[in-house]
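Open the model in your viewer and keep the selection tool at hand. The stops below say what to select and what is there.

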Amino acid sequence: MSLLGLRLQLAPGTCLLHTKSLLSSSRRSLHRLRCYARPNARKNLTLQQSVLILPTRKSGTLSNDSAAPPTTWVDRLPKSVRPYLYLTRIDKPIGTLLLFYPCAWSITMASYALEVPWTTPLTYISLFGLGALVMRGAGCTINDMWDRNLDKGVERTKTRPLAAGDITPTQAFAFLGLQLTAGLGVLTQLNWYSILLGASSLSVVTIYPFMKRVTYWPQAVLGLAFNWGALLGWSAVAGVANWSVCLPLYAGGICWTLVYDTVYAHQDKKDDVNMGIRSTALLFSEKTRPILSALSASSMSLITYAGYLNGQGPLFYGGVALAAAQLARVVWTTNFDDRPSCWKGFVGCGWSGFWVWMGALGDYATLFFAASG
């Protein structure tokens, strides 16, 4: 107990000691003195409680975080698992969706071309959805292991588990082993052609975090990794990839990634300059808006061309049109000097991927119901 607390506790008690001689003569006097002591005692209790609940920062987290309200659903889980979940960014599902959508495009377009029963796309959509969740988390772990020292100097990333010291690199490496094992478990559900094709993407995933140190185009490398599902989804359904369709779809996805990840990179451009991190946000600078407009047009054109080669119907092109409108809205309304606006634009880019998928799914559903009728 602090000296201040002790003194505050003794003050009202001392008053009561002085009144012992008066107890036999006057109850009313004692009552008045007690009324004087009680408010002071309550003040003392209030002060002590306020001192006791003050949290202190330790290793980047609140050491008394039971007093802090949860900010995400992860904060409601046991403390021992929180750093690992935050490492995977599971509380921010947009990253998983951006990895999943190219897989969904390819699976649905292959199912449409081959006229397979509905159970086939449902099975592979489920497998690839799980795979996207696991491998996006693994990619985040790899990224943070590479960047733990850089992240300490960036305002937005300095509270990440490795940068904040909530887990050690050794613990993160062991966790990565579990993530890759789970990812391998999903991959082995596919045919051998797809297993080899999927495994070949791991090298691109691994080198991506290093690219921001040596080139202003790390977003292009991310595009190579994040759109691998445009190749893999088709081979999972058909046994082999139809390269005439998959390559323009893959290229369109890469251009799409350049758009959304450049918007994302604008959040940290001031810190990136200080830390020596490179990005297309810094490269494009004041020309970001016209360059992203051109990349958006390229993305939608390539995806449209892939649909044309695949014989897609009008619903697919309607979906692409909605996706193009969404990208145009993001590019022209985002304030690239405002972090919340950049995050909103980044999330908005994800909706363009959703609309492409809905267009392809609409074509497949039309085909399926026509065959059933």
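Begin with Asn 143, which sits in helix 5 (residues 119-151). This is a predicted model. Is Asn 143 buried or exposed? Asn 143 has a relative accessible area of 10%, and because the limit for buried is under 20%, Asn 143 counts as buried. Show its contacts beyond four places in sequence: Arg 89, Arg 160, Tyr 208, Pro 209 and Lys 212.

From that list, select Arg 89. Arg 89 lies in the loop between helix 3 (82-87) and helix 4. Its relative accessibility is 10%, so Arg 89 is buried too. Check the backbone here: the phi of Arg 89 is near 60°, a positive value in a residue other than glycine. Most residues other than glycine have a negative phi.

A second residue of this kind is Ser 285, with a positive phi near 50°. Look for Ser 285 in the loop between helix 14 (280-284) and helix 15 (288-309). Ser 285 is partly exposed, at 38% relative accessibility.

Next, select helix 4 (residues 94-114) together with helix 11 (residues 229-238). Their axes are 7 Å apart and meet at an angle of about 35°, and the crossing of helix 4 past helix 11 is right-handed. On the helix 4 side, colour the contact residues Pro 102, Cys 103, Ser 106, Ile 107, Met 109, Ala 110, Ser 111, Ala 113 and Leu 114. On the helix 11 side, colour Gly 229, Ala 230, Gly 233, Trp 234, Val 237 and Ala 238. By type, the residues of this contact are eleven nonpolar, four polar and no charged.

Stay on helix 4 and pick Ser 111. With a relative accessible area of 0%, Ser 111 is buried. Beyond its neighbours within four places in sequence, Ser 111 is in contact with Val 116, Pro 121, Val 237 and Tyr 364.

How many of the ten residues of helix 11 are buried? Nine are, so helix 11 is largely enclosed by the rest of the structure. The buried residues run through Gly 229, Ala 230, Leu 231, Leu 232, Gly 233, Trp 234, Ser 235, Ala 236 and Val 237. Just after helix 11, Gly 239 has a positive phi of about 95°.

For the nonpolar packing, select Trp 105, Met 109, Tyr 124, Phe 128 and Ile 303. In the largest nonpolar core, of 67 residues, these touch the most other members. Helix 12 (residues 243-265) contributes the most to this core, with twelve residues. Centre on Tyr 124: leaving out residues up to four places away in sequence, Tyr 124 touches Ile 107, Leu 190, Ala 236 and Val 237. A second, separate core has nine residues, including Leu 87, Ala 138, Ile 142 and Phe 175.

Finish with the record. An unreviewed UniProt entry places the feature "transmembrane region" at residues 94-113, 125-146, 167-186, 220-241, 247-265 and 353-371. Select residues 167-186: this stretch is 90% helix and 0% strand, with its end C-alpha atoms 27 Å apart. Then select residues 353-371, where the chain is 100% helix and 0% strand and the end C-alpha atoms are 28 Å apart.

Terms used. Residues are numbered from 1 along each chain as its sequence is written. This is a predicted model: local features need pLDDT of at least 70, side-chain atom pairs count only at pLDDT 80 or more; totals for chains, interfaces and linings use all residues. Side-chain values use heavy atoms; hydrogens and water are left out. UniProt positions are given in the numbering used here, feature names are shortened, and annotations may be inferred rather than shown by experiment. Helices (H or I, at least four residues) and strands (E, at least two) are DSSP runs, numbered from the N terminus. A nonpolar core is a set of buried Ala, Val, Leu, Ile, Met, Phe, Trp, Tyr and Cys residues joined through side-chain atoms within 4.5 Å. Buried means under 20% relative accessible area, exposed over 50%, partly exposed in between (1.4 Å probe, protein chains only). Contact means heavy atoms within 4.5 Å. Axes are lines fitted to C-alpha atoms, for helices over the stretch in contact, and angles run from 0 to 180 degrees between N-to-C directions. A crossing is left-handed if the near helix is turned anticlockwise from the far one by less than a right angle, and right-handed if clockwise. Ala, Val, Leu, Ile, Met, Phe, Trp, Tyr, Cys and Pro count as nonpolar, Asp, Glu, Lys and Arg as charged, and the others, Gly among them, as polar.
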